[in-house]
Amino acid sequence: MGYTNSPLVSYTQISPNRNSPRNQPISKITIHHMAGIMSVEQFGNLVANPAREMSANYAIGNDGRIGLFCPEGDRSWCSSDAWNDNRSITIEVSNNVYGEPWSISNEAYESLIKLCVDICKRNGISKLEFTGNKNGSLTYHYMFAATACPATWIKNHTQEICDKVNAQLSAVSFNPAPPVQNAQFNVGDLVKINSGARYYTGGAIPTWVSQSNWYISSINGDRAVLGKNEQGDKDIQSPINISNITLVKQVITTTTPTGTIKSFDKGTIIYDDNGTKSGVIDVAGKYTIIEEKTENFVKYGKLKSGLGWVVLERLKRTFDINNKDNVKELQMTLANKGFDCGSADGIMSDKTINAMFQSLCELWLQIK
Ligand SMILES: [Zn+2]
């Protein structure tokens, strides 16, 4: 997909501290505060220095002017987290007073709202949403590192920022979702993607994906994850809103109302609904599983006790060195873990082989 930059920019100083290109579509905005009072020129000098090892896609000076420091097609070094920075447009905002609550000027605030609206419009993010964790389309630095960023003032204005941005976005027409034909989907249903649909996070859906039928691998509220294709030779594990899919073939589900009983050891990891580690089993013994789901080749079971989910089985997955999608996925995984394999082009290049070799060496040394 082609990336563009904001027309609101009045100063450009591209930082060497970035990865080109980003390896994920843009689906988020991350707002940071500078913990300082700066102009875009001063921020530009800072991120021009390779030794600082930091950058941001945009920064907003205390006077409200907006600067570009990392093109939107590239990943900035801003949130101490490759997962977020690859998916996000990062914005550093100058403060107007030193110290708590680290407020920002009216000019900077106005520019921040305008810039967020512009980013959402150009990248198909239909709504700026703060969920309190990394799943929302608005994320903050503290979700990924031990920092107070974006500090009290911006945190206290989170809802207002979302409301102001969304009010302007609702005036924009996105591809309207067709009416829901069947809101009741089940894991295992074969579905097709409605025309004009986007991924759950707002990212564009490639043509080869939108032209195939997919099996739902998990479902949670309005969020369905598409897994294998109808032919069974691809597995994309991509989330989509259920209003954007149409049922092709319904799965026959058998549910055991009493649940299945399984034994777990003390220390077995428990995950919450979002797949985040939330605790461990304290007492070894038999537990009742009332629901099962498969995500990213891991089969989870939901404990009747309400504690959360545990891993039931790790599914074996195959890797075909001649399959471009397989190689591309490997390259993105390696890049996310910090191993440089050049661009994620699906070609088993020398750089990719080196990155894989390096990662394997580190893995074996770790588990010796
Ligand atoms: Zn920050």
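In the predicted model, helix α1 spans residues 40-47, and its buried positions are Val40, Phe43, Gly44, Leu46 and Val47. These residues lie on the same side of α1, because the arc they cover around the axis is only 160°. Such a pattern can be read against helix geometry: an α-helix has 3.6 residues a turn, so residues three or four places apart point the same way.

Aspartate 81 occupies the loop that runs between β6 (75-76) and α2 (82-87). Once neighbours within four places in sequence are set aside, aspartate 81 has contacts with Phe144 and Ala145. Between the C-alpha atoms of aspartate 81 and asparagine 45 the separation is 23 Å, at a distance of 36 residues along the chain.

At the level of the whole chain, the secondary structure comprises eight helices and 19 strands. The radius of gyration is 22 Å, whereas the globule rule gives 21 Å for 368 residues; the two values are close, so the chain is as compact as a globular protein of that length. The C-alpha trace extends over about 65 × 55 × 45 Å along its principal axes. Buried residues make up 31% of the 368 in the chain. Of the contacts between residues at least 6 apart in sequence, 60% link residues at least 24 apart.

The domain assignment divides the chain into domain 1 (11-170), domain 2 (190-249), domain 3 (251-314) and domain 4 (324-367). Helix α1 (residues 40-47) and aspartate 81 both fall within the bounds of domain 1 (11-170). A distance of 31 Å separates the C-alpha centres of domain 3 and domain 4.

Confidence was examined along the chain. The mean pLDDT is 88, and a value of 70 or more is reached by 93% of the residues. Residues 173-182 remain under 50 in pLDDT, and the model shows nine contacts for them beyond four places in sequence. A further stretch, residues 253-257, also has pLDDT below 50, with two contacts in the model beyond near neighbours in sequence. Where pLDDT is low, the predicted coordinates should not be read in detail.

Conventions: Residues numbered from 1 in each chain as written. Predicted model: local features only at pLDDT ≥ 70, side-chain atom pairs only at ≥ 80, totals over all residues. Helix = DSSP H or I, 4+ residues; strand = E, 2+ residues; numbered from the N terminus. Contact = placed C-beta atoms within 7 Å. Domains from an automatic or database assignment. pLDDT = per-residue confidence, 0-100. Buried ≥ 20, exposed ≤ 12 C-beta atoms within 10 Å, placed from the backbone. Arc of directions from axis to C-beta. Rg over C-alpha atoms; globule rule 2.2 N^0.38 Å.
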